Amino acid sequence: MIRFQGVSLRYGNGPQVLRDISFHLQPGSFHFLVGPSGAGKSSLLRLMYLALRPTRGTIGLFGRDTTTTPRRELPSLRRRIGIVFQDFRLLEHLTVSDNVALPLRIAGLKDTLVREHVGELIHWVGLGHHVESRPSVLSDGEKQRVAIARAIVARPSLLLADEPTGNLDPDTGLRLTQLFAELNKIGTTVVMATHNETLAVRFPFSTLRIAEGQLTVDARRAVPLG
Amino acid sequence: MAAPWSLPLGGDATDRFLPWIIGLMVFLAALALALALALGGAIARWEASQTGVLTVELPASARDTDGMIQRTVGLLAVLPGVQAAEALDAAHAEALLSPWLGGAVDALPLPILIDVRLAPGAALSAGAVRAALAGVAPEARIEDAGAWIAPLAETARTVQLVGYAIIALIALAGVATVVFTSTTGLAVHRDAILLLHLIGAEDGFIARQFQRQALLLGFAGGVAGLGLAIGAFVLVGRVAGRLEAPLLPRLVLDPLGWAILAGLPFAGALLAMLVARLTVARSLARLP
C-alpha cells in the first residue's frame, strides 16, 4: 500500500525534518503515527498524501513509484486517499452536503449519485439536521465529522488523519478512533497521526513512532520495514 | 445542492472590478475599430469615385467663343482611352461648388467643367489630354482627382493603422488585467485551491472555474462597453453628418463592419477566458 525507501525531507534550504525513513504498510492495516509536536508527523503524512515530494528516497503508493510518476497522473492516486486534516479545511462558502460532495464531484460522479451517497453518509455521521448548514454554525466536533465524511465519501483505499482528535474531548476522540477502526475493518488502510499515546495504546494497532525526524517502530507491534 | 463550482469566485474585489475594466476596454476598442472601419469605407469610396475620371476646366470666357465647348468635348470623346466626355451644365457646376463657395457662387464667373470618364484600365495622363487639347482649347486646365486623392487616402490609411495599433494595445492591456485578476484570485483562494488539489482535483477542474468566471465577466463587461461605444459612434456620426464638409469621411459602417463590431464582446470574453486558463494552469503547474 505505502512503501517509503530511504526518504528524507527538508523545506527549502532548511534543516532536514525527516531522515532516511523506510517502512512498508500493508493494505488493510491500521497504524498510529505518534511523536511529540514538531517531530515530523505532519510532514510524513504530507508525503503520504502527495502534498510534498521527498528531497531524497522513493515513495511507493498503490504499487506506483510516486517520485517518478508523471505529475498529470498524480490526481488519480490522490483520489484514492481520504485525508482528515487537523484544521478540518472545510470550504466556508459551501454547505455541509457540498463540502462532503467535493471528492465525488471532482471524480466526475453524476449529480443524482452524488446526492444519494452524500445524504446517506451525512446521516451516518449524525449530521442529518445540518445538511444545508454552513460550517460556520457547526461546533468543532461537528466540523470534524463533516471532514471525516468528506474523507471517506469516495471510499478511499487509504485514510490519512492528521491529529483528528486534537480538537476533541477525550470521549469524542475515542469514538472517532473507533469509527476509523470500523472503516479499517471493511478494508481501508488507516494511518492516524496523534500525540495522544494513551489513546493509541487502547487499540491493538501498530505504532510508528517519530522523533527528531527519524522513525522507529513500536517493538510490540512491529511493522515490517521495507 | 449548490452548483458544482467549488471556489467562491465572484465574491471578491478583483471579480467585481474585471467587468468594469473589460467594459471600458471594449468601449475604447469598439470606438477605435468603428473609426478604422469607417475610414476604410471612406477610402474605398474616394478611390472608387475618382478612379478613371478627369475633369477638364475651360475658362468662363469659353462660353462666348463659338463652338469651343462642343469642339473640346468632341475631341475628348475620340481620344484613345476615353469612354465618355460630357460638359456639365451651369446648375450642376453651381451645385458642385456651392459647398465650398456658399451663396457667392451665383456672382462668380464659373468655369465650364467637362467630365471625362476613362475606359477601364486606360492610362491616359493629364499631360496627354492637355497636349491633345492644345490646338482647340489652349487655356484648358486638366484636373486629375486621383493625384490628390492618393495622398489623402494614404494619410487615412495611416490613421487606420494607428487605430488598429490602439486596438492591439487595448487587447494587451486586457490580457495584463486578466493575468492580474487571475493571479489575485489564485492568491485569495489559495487554501481552497490547495484543498481541491490535495483531494484529487486535476488542474483543469480548478482552471475551468477561473476561465468560466472570466468568460462571464468579460462578456458582461464587453456587451456594456459595446453598447456605449455604439451609442457614442452613432451620436458622433449624426453630428458629423450635419457638417457641410464633403471631404470628411462619413462615419457609416457597412453590414460587415457592424458584424465585426458585434463580435468584439465575444472576442474579448474568449480572450479573457483563454488568458485566465493559461494563467491559472501555469500557476497550478508549480504545485507538486
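**Helix packing, chain by chain**

So, H7(B) passes H9(B) in a right-handed crossing (right-handed if the near helix is turned clockwise from the far one by less than a right angle, left-handed if anticlockwise). Quick housekeeping: this is a predicted model, where local features need pLDDT of at least 70 and side-chain atom pairs count only at pLDDT 80 or more, while totals for chains, interfaces and linings use all residues. Residues are numbered from 1 along each chain as its sequence is written, with chains lettered from A and ligands numbered from 1 in the order in which they are written.

Back to that pair. H7 covers residues 203-241 of chain B and H9 covers 264-284, and their axes come within 7 Å and cross at roughly 155°. Axes here are lines fitted to C-alpha atoms, for helices over the stretch in contact, with angles from 0 to 180 degrees between N-to-C directions. That makes H7(B) roughly antiparallel to H9(B); angles under 35 degrees count as roughly parallel, over 145 as roughly antiparallel, 65 to 115 as roughly perpendicular and the rest as oblique.

Who touches whom? From H7(B) we have, among them, Phe210(B), Ala214(B) and Gly218(B), meeting residues of H9(B) including Ala269(B), Met273(B) and Ala276(B). Contact means C-beta atoms, placed from the backbone, within 7 Å. The contact of H7(B) with H9(B) splits into 17 nonpolar, 4 polar and 2 charged residues. (Ala, Val, Leu, Ile, Met, Phe, Trp, Tyr, Cys and Pro are nonpolar; Asp, Glu, Lys and Arg are charged; the others, Gly among them, are polar.)

Over in chain A, H3 (residues 96-106) and H4 (residues 111-124) have axes that come within 9 Å and cross at roughly 130°. H3(A) and H4(A) are therefore oblique to each other. By class, their contact has 8 nonpolar, 2 polar and 1 charged.

Now H4 of chain B, residues 126-133: Val129(B), Ala132(B) and Leu133(B) are buried (20 or more other C-beta atoms within 10 Å of its own; 12 or fewer is exposed, in between is partly exposed). Down the axis of H4(B), the buried residues fall within an arc of 95°, so they line one face of the helix. Gly127(B) and Ala131(B), on the other side, are exposed.

Last stop, the interface: 15 residues of chain B are in contact with 22 residues of chain A. On the chain B side, helix H6 (residues 190-198) gives the most, with 4 residues.

Definitions and conventions: Helices (H or I, at least four residues) and strands (E, at least two) are DSSP runs, numbered from the N terminus. The arc is that of the directions from the helix axis to the C-beta atoms. Two residues are in contact if their C-beta atoms, placed from the backbone, lie within 7 Å.
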